[in-house]
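This report walks through a chain by its cores, its charge pairs and its surface patches. Keep the sequence and the 3D view open while reading.

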Amino acid sequence: MKKLGYNHTITASYIAYTVQALVNNFTPLLFVTFSFNYGISLDKIGFLVTINFLFQLFIDFIAARFLDKIGYRTSMICAQLSASFGFILLGFLPDIIDPFYAIIISTLFTALGGGLIEVTVSPIVEAIPKDKKHKGAMSILHSFYCWGQLLTVLVSTLFFIVCGIENWRIMSFLWACLPLSNSIYCFFIPIRSLNEKAKPLPIKSLLKNKLFWLFIFIMVCAGATELTVSQWASALAEKNLNVSKTVGDLTGPCIFALLMGLVRAFYGKFTDKLKIENALLLSGIIGVIGYLMIALSPVPFISLTGCALSGIASALLWPGTLTLSAKSIYGGGTAMFALLALGGDLGCSLGPGIAGFFSEIFGQNLQIGILFGIIFPIGIILGAIIYKCKINQ
């Protein structure tokens, strides 16, 4: 068998990020179906989202200590197998035991897979020897979350239209094949550890580093800037344009994900042309403009254009901060990536929550809620400026 090179490592990592998008976006497509078929109340269904997020957050937290011990390859394979098993369980378990608890169990397995993917794949890609072929791999890697989101929504929607929503179990089994096949692929790819490049800093030393806390702050703002709009984009499209739920999903989240993925892929190809800190600053400014367009415009088209701008603004925040932190904190290692992912996931929960909270206060006015979320792209601008001031001292 021909020895696999690092191009295969990157390909497996891209597939893994597609799986993570599948984990986060497939089950929500079935929420209404679960409610109708199994009589599960909407508040219980909303609890499934919380479980998925909290468990991934928990994995981010503990991974800082155990990931180096079990190794990247073991973690990568276990992540794929767990996600696959979760989708298989989702396909048959609700017909055997209480449907709500069955869906919770399957969600825990897919969330375990998604959490491990998040904290494992970025350090794997960062540890790959950099040459002209591999430059920008981090940004392109994160674009595959966007492509995965698009793939999940479009393929699943097409399947439901052609085969009927009542056959959703078959779609769940089919999706299980993607992480299962990638887990086999991961047995054969070369994988380096970040510890081979530099002796990792102890977590205590990392926590004493002021620059590390600046990156944590930026990651919180990055996660919140992205998810505040992406989570509410469908509702915005549906409310502003008075279109069907299907059209709302396709014009809201899909456009957001498409533009975010295109920018990540473009930046990955031209990463040498723009410094990361400048890209973060520019992204924050575009984010502020996008949020203002969403929140203040009475014209639906302009609000949707604001959603598109927010997708562009969000594109480089997460991968850019990870790359900048690896460049700035020598020996940060796996623990740093895991803790930064924890900060990003915290922002992913905080941003949409704040938008929803203030929307409710102002009479379910979602535009006002998103206006309060503008503090997060402003935070990106401040974080980038502080970083530039520190490195220029």
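Does Ser-35 count as buried, partly exposed or exposed, and at what relative accessibility? Ser-35 counts as partly exposed, because its relative accessibility is 23%. The coordinates behind this value are those of a predicted model.

Ser-35 sits in helix α2. Its C-alpha atom is 9.7 Å from that of Phe-100.

## Nonpolar cores

The largest nonpolar core contains 53 residues. Six of them have the most contacts inside it: Phe-26, Phe-34, Ile-117, Val-121, Phe-160 and Trp-168. At least two residues each come from α1 (6–25), α2 (31–38), α3 (42–70), α4 (72–92), α5 (99–127), α6 (137–163), α7 (168–185) and α15 (333–361).

Another core lies apart from the largest one. This other core has 46 residues, among them Phe-212, Leu-316, Cys-348 and Phe-376. As general background, nonpolar side chains in soluble globular proteins tend to be buried together.

## Two salt bridges

How many salt bridges does a search of the whole structure find? The search finds 2.

One joins Asp-95 to Arg-169, with the closest N and O atoms 2.8 Å apart. This pair links distant parts of the chain. Asp-95 is in the loop between α4 and α5, while Arg-169 is in helix α7, 74 residues apart. Asp-95 counts as partly exposed because its relative accessibility is 48%. Arg-169 also counts as partly exposed, at 23%.

Arg-264 and Glu-226 form a salt bridge as well, and here the closest N and O atoms are 3.7 Å apart. Arg-264 belongs to helix α11 (residues 253–269) and Glu-226 to helix α9 (residues 210–241), so the pair ties together parts 38 residues apart in sequence. Are these two side chains' residues, Arg-264 and Glu-226, buried or exposed? Arg-264 is buried, at 2% relative accessibility. Glu-226 is buried too, at 9%.

## Surface patches

Which residues form the nonpolar patch on the surface? They are Phe-85, Ile-88, Phe-92, Ile-96, Ile-97, Tyr-101, Ile-105, Phe-109 and Phe-173. Together they have about 780 Å² of accessible area. Helices α4 and α5 each supply at least two residues of the patch. Phe-173 lies in helix α7. Phe-173 counts as partly exposed because its relative accessibility is 35%.

A positive surface patch is made up of Arg-65, Lys-69, Lys-204 and Lys-208. Lys-204 is located in helix α8 (residues 203–207). Its relative accessibility is 68%, so Lys-204 counts as exposed.

## Buried glycines

Gly-373 is in the loop between α16 (366–372) and α17 (375–391). With 0% relative accessibility, Gly-373 counts as buried.

Gly-343 is part of helix α15. Gly-343 counts as buried because its relative accessibility is 5%. What is the C-alpha to C-alpha separation of Gly-343 and Ile-216? The separation is 5.6 Å, although the pair is 127 residues apart in sequence.

## Trp-175 in helix α7

Helix α7 also holds Trp-175. Trp-175 has a relative accessible area of 7%, so this residue is buried. The cut-off for buried is under 20%. Between the C-alpha atoms of Trp-175 and Val-23 the distance is 9.7 Å. These two residues are 152 apart along the chain.

Terms used
Residues numbered from 1 in each chain as written. Predicted model: local features only at pLDDT ≥ 70, side-chain atom pairs only at ≥ 80, totals over all residues. Heavy atoms only, no water. Patch = residues over 30% accessible without salt bridge, like charges linked within 9 Å, V, L, I, M, F, W, Y side chains within 5 Å. Areas by Shrake-Rupley, 256 points an atom, 1.4 Å probe, with all protein chains shown as cover. Salt bridge = Lys/Arg side-chain N within 4 Å of Asp/Glu carboxyl O. Lys, Arg positive; Asp, Glu negative; His and termini not counted. Charge placed at Lys NZ, Arg CZ, Asp CG, Glu CD. Helix = DSSP H or I, 4+ residues; strand = E, 2+ residues; numbered from the N terminus. Buried < 20%, exposed > 50% of the residue type's maximum accessible area, 1.4 Å probe, protein only. Core = buried A, V, L, I, M, F, W, Y, C linked by side-chain atoms within 4.5 Å.
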